[in-house]
Amino acid sequence: MEDEFYHLTVKGNDLKTYMRRFQELAILCLTMVPDSEKMMEAFIGGLPRSIEGNRERVLCKSVLKDHHQQCPEKSLHAEG
């Protein structure tokens, strides 16, 4: 499950399924992710390069809403 969490990626343009599975894995594996910043690194790492900037911030808030956490304040641009 940990391997799936850290290697999960968006398949095609199916962002909704990616977000749902990421949230499921994050809930099931709470001890794998030490903080919200690491969680967002894993989440953003699975996004296609075409998603960046403010869109990431919106997605970040959506993913973390169930965890009652806030998005990291530093830049969330995908590396590459």
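**Aromatic pairs and the nonpolar core**

Reader: How many aromatic pairs does a search of the whole structure find?

Author: The search finds five aromatic pairs, where rings of Phe, Tyr and Trp (its six-membered ring) pair if their centres lie within 6.5 Å, with planes under 30 degrees apart counted as stacked, over 60 as edge-to-face and the rest as tilted. This is a predicted model, in which local features need pLDDT of at least 70, side-chain atom pairs count only at pLDDT 80 or more, and totals for chains, interfaces and linings use all residues. Residues are numbered from 1 along each chain as its sequence is written, and side-chain values use heavy atoms, with hydrogens and water left out.

Reader: What kind of aromatic pair do Phe5 and Tyr6 form?

Author: Phe5 and Tyr6 are edge-to-face, at 5.0 Å centre to centre with 85 degrees between the planes.

Reader: Is Phe5 buried or exposed?

Author: Phe5 is buried, at 0% relative accessibility; buried means under 20% relative accessible area, exposed over 50% and partly exposed in between (1.4 Å probe, protein chains only). Tyr6 is partly exposed, at 38%.

Reader: And why is the pair of Phe22 and Phe43 edge-to-face?

Author: Because their planes lie at 75 degrees, with the ring centres 5.1 Å apart. Phe22 has a relative accessible area of 0% and is buried, and Phe43 is likewise buried at 0%.

Reader: Which residues form the aromatic cluster?

Author: Phe5, Tyr6, Tyr18, Phe22 and Phe43 form one cluster.

Reader: Turning to the largest nonpolar core, which residues touch the most other members?

Author: Of its 19 residues, these are Phe5, Tyr18, Phe22, Phe43 and Leu47. Such a core is a set of buried Ala, Val, Leu, Ile, Met, Phe, Trp, Tyr and Cys residues joined through side-chain atoms within 4.5 Å.
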